[in-house]
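Subject: Structure handover and findings

Hello,

I am passing a structure on to you, with notes on what was found in it. Please read the notes with the structure open.

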Amino acid sequence: MLKIACMSLSGGQGKTTTSVLLGKYLAAAGHTVLAIDADPQSNLTTFLGHDVAPDEPTLLEVFKGTVSLEEGIYPTQVDNLFIIPSDDGLDGVQDYLSSSGVGAILLKKRLEPSQDSFDICVIDCPPQRSQICKSVIGAAEQVVIPCEATVKGYGSLVRTMDAVNELQEIGASGAKILGVIPFRDRWVGANQTQESRMCIEAIANEVGAELMLPSIRESERYKQAISKGVTLSELGMPDLEYPFEVLLKRICELIGQKP
Ligand SMILES: Nc1ncnc2c1ncn2[C@@H]1O[C@H](COP(=O)(O)OP(=O)(O)OP(=O)(O)O)[C@@H](O)[C@H]1O
Ligand SMILES: [Mg+2]
């Protein structure tokens, strides 16, 4: 199971949008996918149509080890796509992780039993630099960083790279950056806005051209596709799928399979 974190350390950078669509496109391509909602806001859980029933195990119980990993995994309405959900109770894991002394390696350890049950795991992260993020970085082999094509997005990218580097340097993570996706790239007619162009150039200078993925354009269609549970092609906008096609291809190269 290849573990991929969607991480960006600011709010509204496209982490959940990327996680939902990536999970669905990977599943549609025939991969078995485990989506993990590591954000107490639990937007991924909602967007994948999962209602957490009272007393139902979530990522919180999986982290604490009070249930087996299997008990925290649920099917979704999408074939091949499973979820470990969260709710706002997940905030309670922060203290547990910091006092455990092994927070950075705990998620990796908890996911070990599913290593052979899924092809790919996609982890949606919270926006803060928290104990949860540390544990996700410790578990992930690859990190996808979506970041708004704005000055705020550039700052989010830099903070995210710092957080990954920090854990790499102390040997607590072997995560590599899989790619950076500029989010809400704004075009007016045939022209990219100056802000989007300049910010995407700055992002590319920061990470190098080889890590850049095609941008997610500013468009209400992504939101519509997610809320209606359809693909962008089904909405008549196949061009908007391009960033995910390229990302899928990179992932398939990593796991040695055809896209
Ligand atoms: N292509 C797009 N253009 C404009 N808005 C979009 C686009 N895709 C998604 N959105 C909207 O942008 C907002 C932020 O997206 P998203 O929730 O994916 O970010 P996030 O990084 O997960 O946020 P958070 O840090 O709060 O978890 C959402 O309201 C989403 O519906
Ligand atoms: Mg989110």
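Conventions

This is a predicted model, so to speak of local features a pLDDT of at least 70 is needed and side-chain atom pairs count only at pLDDT 80 or more, while totals for chains, interfaces and linings use all residues. Residues are numbered from 1 along each chain as its sequence is written, chains are lettered from A and ligands numbered from 1 in the order in which they are written, and side-chain values use heavy atoms, with hydrogens and water left out.

Cores

A nonpolar core here is a set of buried Ala, Val, Leu, Ile, Met, Phe, Trp, Tyr and Cys residues joined through side-chain atoms within 4.5 Å. Buried is under 20% relative accessible area, exposed is over 50%, and partly exposed is in between (1.4 Å probe, protein chains only). The largest nonpolar core contains 50 residues, and Leu59, Ile84, Val136 and Val180 have the most contacts inside it. Another core lies apart from it, with 34 residues, including Ile4, Val122, Tyr222 and Leu232.

Contact means heavy atoms within 4.5 Å. With neighbours within four places in sequence left aside, the contacts of isoleucine 84 include Leu34, Ile36, Leu59, Val62, Leu69, Ile73 and Leu111. Asp37 and Thr58 are also among the contacts of isoleucine 84.

Threonine 58 sits in the loop between α2 and α3 (59-64); helices (H or I, at least four residues) and strands (E, at least two) are DSSP runs, numbered from the N terminus. Threonine 58 is buried, at 3% relative accessibility. Not counting residues up to four places away in sequence, threonine 58 touches Val52, Ile84, Pro85, Ser86 and Asp87.

Pockets and cavity

Both terms rest on a 1 Å grid over the protein atoms alone: a cavity is a set of points where a 1.4 Å probe fits but cannot get out, a pocket is an open set with protein on both sides within 12 Å along at least five of seven lines, and lining residues have an atom within 4 Å of a point. Grid points are joined across faces, edges and corners, and a volume is the space filled by probe spheres set on the points. In the linings, Ala, Val, Leu, Ile, Met, Phe, Trp, Tyr, Cys and Pro count as nonpolar, Asp, Glu, Lys and Arg as charged, and the others, Gly among them, as polar.

The largest pocket holds about 490 Å³ of space. Its lining has 22 residues, and Gly14, Thr17, Phe183, Arg184 and Lys223 lie nearest the centre. By type, this lining has 6 nonpolar, 9 polar and 7 charged residues. At least two lining residues come from each of α1 (15-28), α2 (43-47), β7 (176-185), β10 (216-217) and α9 (220-228). The largest share, 4 residues, is that of α9.

The second largest pocket has a volume of about 240 Å³. Lys24, Val78, Gly229, Val230 and Thr231 lie nearest its centre, out of 15 lining residues. Here α1 gives the most, with 4 residues. The lining divides into 7 nonpolar, 5 polar and 3 charged residues.

The whole structure has 1 cavity of 30 Å³ or more, and the largest cavity has a volume of about 40 Å³. It is lined by Leu21, Lys24, Tyr25, Val230 and Thr231.

Cysteines

The search for disulfides (pairs of cysteine sulfur atoms within 2.5 Å) over the whole structure finds 0. Cysteine 133 is in no disulfide, and the nearest cysteine sulfur, that of cysteine 125, is 5.3 Å away. Cysteine 133 is buried, with a relative accessible area of 3%. The closest cysteine sulfur to that of cysteine 6 is also in cysteine 125, at 7.3 Å, which is too far for a bond. Cysteine 6 is buried too, at 0% relative accessible area.

Single residues

Glutamine 128 is in the loop between β5 (120-124) and α6 (131-139) and is partly exposed, at 48% relative accessible area. Leaving aside neighbours within four places in sequence, glutamine 128 contacts Leu9 and Cys133.

Serine 42 is in the loop between β2 (33-37) and α2 and is buried, at 14% relative accessibility. Arginine 184 is in strand β7 and is partly exposed, with a relative accessible area of 39%.

Regards
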